[in-house]
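This report covers a metal site and the packing of a protein model. The structure comes first, and the description follows.

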Amino acid sequence: MTTLERADAAERAMIEELDRIVVKSVIYTSGERDPRVPVPRPPDQGKFYMMGHDPRLPRMPATPTLFDFFRYRFGPSNHVMQSARLAQKSGANEKVVLACLLHDISVAGFIRGDHGYWGAQLVEPYVDEEVSWAIRYHQALRFFPDESVGYRYPESYVKLFGPDYKPEPYIERDYRYAREHTWYMTSRLITVNDLYAFDPNVQVQLEEFTDIVGRNFKQPKEGLGFDASPSAHMWRTMMWPTKYL
Ligand SMILES: [Fe+2]
Ligand SMILES: [Fe+2]
């Protein structure tokens, strides 16, 4: 068996132990498999399909908060917390600090590709327009230097994407748009504080941002995912990522 086959077999064994059948969304597997080919279905064996909480994940509270998503659904959040702390230390205003704290939550818990756009959409109903705007455009601004604030093209991008990588035309277009916008500097400050190399001995706790989040993030009383906001379904998908329909 190849490594991939072994991983598939292990996953099948684990899924067989569940009392529900899990079918992954196309977006989780597209590329690893050809999305046009029908998915072979195991016999149902009298089991029902997963229609809610996946027992392999920690259960979320009935009315989940932003911090609950950080705790139960996001990958390690050191990067965004360190960026937010750095922004705070440099004297940035609360909007910038919040934008730094949230700028990569899509990478941490949802979808990587176009993460600035997805991340902005996730938080848009709950934050000042300037905050979600900054999160959306940090994605494009990351690729373009701004000497006036000492921001250079990231060394890490040269390593990750190769020296010849050139962003797609839509990224360049959005950069040009953002460059001329009144809120440009808010978004630019995300990139300035967007650190990958940081003192590994410094541990930042989420609680450090309780007050800033309390003042600047409109937590819905029904819980994220259960309010009727335009992005509520996206939070539900993070809560129940394997729901069949
Ligand atoms: Fe980012
Ligand atoms: Fe980042």
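## The iron site

Donors are N, O and S atoms within 2.8 Å of the metal (3.2 Å for Na, K and Ca); water is not among the atoms, so sites may look incomplete. Along the chain, the donors of the iron ion (ligand 2) follow the spacing H-x23-H-D-x89-D. They are H79 (NE2), H103 (NE2), D104 (OD) and D194 (OD), at 2.0 to 2.2 Å. D104 bridges this ion and the iron ion (ligand 1), and the two ions lie 3.7 Å apart.

H103 sits in the loop between α5 (94-102) and α6 (105-109), and D194 in the loop between α11 (184-193) and α12 (210-216), so the pair ties together parts that are 91 residues apart in sequence. Helices (H or I, at least four residues) and strands (E, at least two) are DSSP runs, numbered from the N terminus. Both H103 and D194 are buried, meaning under 20% relative accessible area (1.4 Å probe, protein chains only).

## The nonpolar cores

A nonpolar core is a set of buried Ala, Val, Leu, Ile, Met, Phe, Trp, Tyr and Cys residues joined through side-chain atoms within 4.5 Å. The largest has 38 residues, and F70, L102, V123, F217 and W235 have the most contacts inside it. α5 gives the most to this core, with 7 residues. A second, separate core of 12 residues includes F143, F144, Y157 and Y175.

## Basis of the values

This is a predicted model: local features need pLDDT of at least 70, side-chain atom pairs count only at pLDDT 80 or more, and totals for chains, interfaces and linings use all residues. Residues are numbered from 1 along each chain as its sequence is written, chains are lettered from A and ligands numbered from 1 in the order in which they are written, and side-chain values use heavy atoms, with hydrogens and water left out.

Terms used:
Buried means under 20% relative accessible area, exposed over 50%, partly exposed in between (1.4 Å probe, protein chains only).
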